[in-house]
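My entries follow in the order I made them.

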Amino acid sequence: MRGCVYADNAATSATDECALEAMLPYLKYEYANPSSVYSFSSRSAEAVDRARKTISRCINCLPEEIYFTSGGTEGDNTAVKCAAVTGKSIITSPTEHKAVLNSCRAMERNGFSVYYTDVRPDGTVDAAGYSELLKNNPGLVSVMTANNETGTIQDIAELSSRAHAAGALFHTDAVQACGHIPVDVKKLGADLLSASAHKFNGPKGVGFLYVKKGTPLTPLIDGGGQENGLRGGTLNVAGIAGMAAALENNCLCLQKNAEYISSLEKRFFDGLCSLGVGFVRNGGGLPGLLSISFHGRDSEALLHRLDLMGIAVSSGAACDSRQTQISHVLAVMKVPAEYAQGTLRFSFGKYNTPEDIDKILSSLGKILTDTE
Ligand code: PLP
């Protein structure tokens, strides 16, 4: 971001050049509706087909198992509201994104029983409690791959295999994981998986939902029969082409990017330790995502002062950042209030530099020692 040190990549990420290039023809000349029957539309339809194949290779599934959506929120809503089985319960974790939690609340209003797992202090699902919950006749379990506030990574392969043994379908919100850590739907054992392009250097307003062949699902959005009748609406051809290019680009460099971003994370963490201020780190696991709670501080005040110094970070989840109460994720991880209130989320990406880290550290140092 011009003139600013951007360390909020979990909120959204810069659009890759290759994604822009992939999109431009479909914004400029190849604007035909891919569902039309004349030959002008065939190039748009081919772009959508190509993108479906590219994405399916990246997550190890069949092209026809990819359904295009408007992003992570829609994918999560579809999975929770349309894969839940009447007469059976839903199990989820209390650290999920609001797209899942509020979908579960909506299902509760519709008469579904929803059970919430316990979590350990690092944010991972408590295994013993999970086994107990699975006795409640679940039809669907939804647990995220990586948490957007803390970076905590769940053992999805283990959770999904236990859900299947209990007769339930398994959905994972992989919005923060996809394009950053290996996401292989077969290894994860997911029946449904949601992802969003703008979190992996693609455009905003487009994403995909993986639906394992044979998984019963009703449409969330009824319309003209697009996406095999599962998701109505004219396809966002440019966005879909851009998303596939961005995901392929990130997946080709997954290891290299993760190592580089982890080196930035280490530089930041070591620098923070040497500032000599009281803090704790919550969770962790996803490369470059650090949830740091500063003792006795107010996150909004810290955020504002960093902003004035040209540094963009978040006080929690991007979509929640305007609310002042303690994050639901930190609350269930039992982070003490005097720490939780002073929490900042730093999320570094492949375009950050060591100089960015040093600038954040020196600015933080000034702010924290100013008033301490
Ligand atoms: N799920 C997670 C874990 C997220 O971090 C986000 C966005 O912050 C979403 C879902 C929603 O995705 P989108 O912004 O594409 O609707």
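Before reading any angle I noted the convention: axes are lines fitted to C-alpha atoms, for helices over the stretch in contact, and angles run from 0 to 180 degrees between N-to-C directions. I also noted that this is a predicted model.

Entry 1, helix 1 and helix 8. I looked up the pair formed by helix 1 (residues 17–28) and helix 8 (residues 237–252); their axes come within 7 Å and cross at roughly 160°. Angles over 145 degrees count as roughly antiparallel, so helix 1 is roughly antiparallel to helix 8. The crossing is right-handed. On the helix 1 side I listed C18, A19, A22, M23, Y26 and L27 as the contact residues. Helix 8 contributes V237, A238, G239, A241, G242, A245, A246 and N249. Sorted by class, this contact of helix 1 with helix 8 holds 11 nonpolar and three polar residues, and no charged ones.

Helix 9 spans residues 254–275. I found its axis within 10 Å of that of helix 13 (residues 354–370), with a crossing at roughly 20°. Angles under 35 degrees count as roughly parallel, and therefore helix 9 is roughly parallel to helix 13. This crossing, too, I recorded as right-handed. From helix 9 the contact takes Y260, L264, R267, F268, G271, L272 and L275. From helix 13 it takes P354, I357, D358, I360, L361, L364 and G365. The classes for the contact of helix 9 with helix 13 are 10 nonpolar, two polar and two charged.

Entry 3, cavities. How many cavities of 30 Å³ or more are there? I counted three.

Entry 4, the largest cavity. Its volume is about 270 Å³. I found 21 residues in the lining, with H180, I261, P287, F348 and G349 lying nearest the centre. Which helix gives the largest share of this lining? Helix 9 does, with four residues. The lining of the largest cavity divides into eight nonpolar, 11 polar and two charged residues.

I read a volume of about 50 Å³ for the second largest cavity. Its lining consists of Y67, T69, E74, T78, L209, L220, I221, L230 and R231. Strand 2 (66–69) and helix 3 (72–83) each supply at least two of the lining residues. By class I have five nonpolar, two polar and two charged residues in the lining of the second largest cavity.

Notes: Residues numbered from 1 in each chain as written. Predicted model: local features only at pLDDT ≥ 70, side-chain atom pairs only at ≥ 80, totals over all residues. Heavy atoms only, no water. Parallel < 35°, antiparallel > 145°, perpendicular 65-115°, else oblique. Left-handed = near helix turned anticlockwise from the far one by under 90°. Contact = heavy atoms within 4.5 Å. Nonpolar A, V, L, I, M, F, W, Y, C, P; charged D, E, K, R; others polar. 1 Å grid on protein atoms, 1.4 Å probe; cavity = no way out; pocket = protein on both sides within 12 Å on 5 of 7 lines; lining within 4 Å. Points joined across faces, edges and corners; volume = space filled by probe spheres on them.
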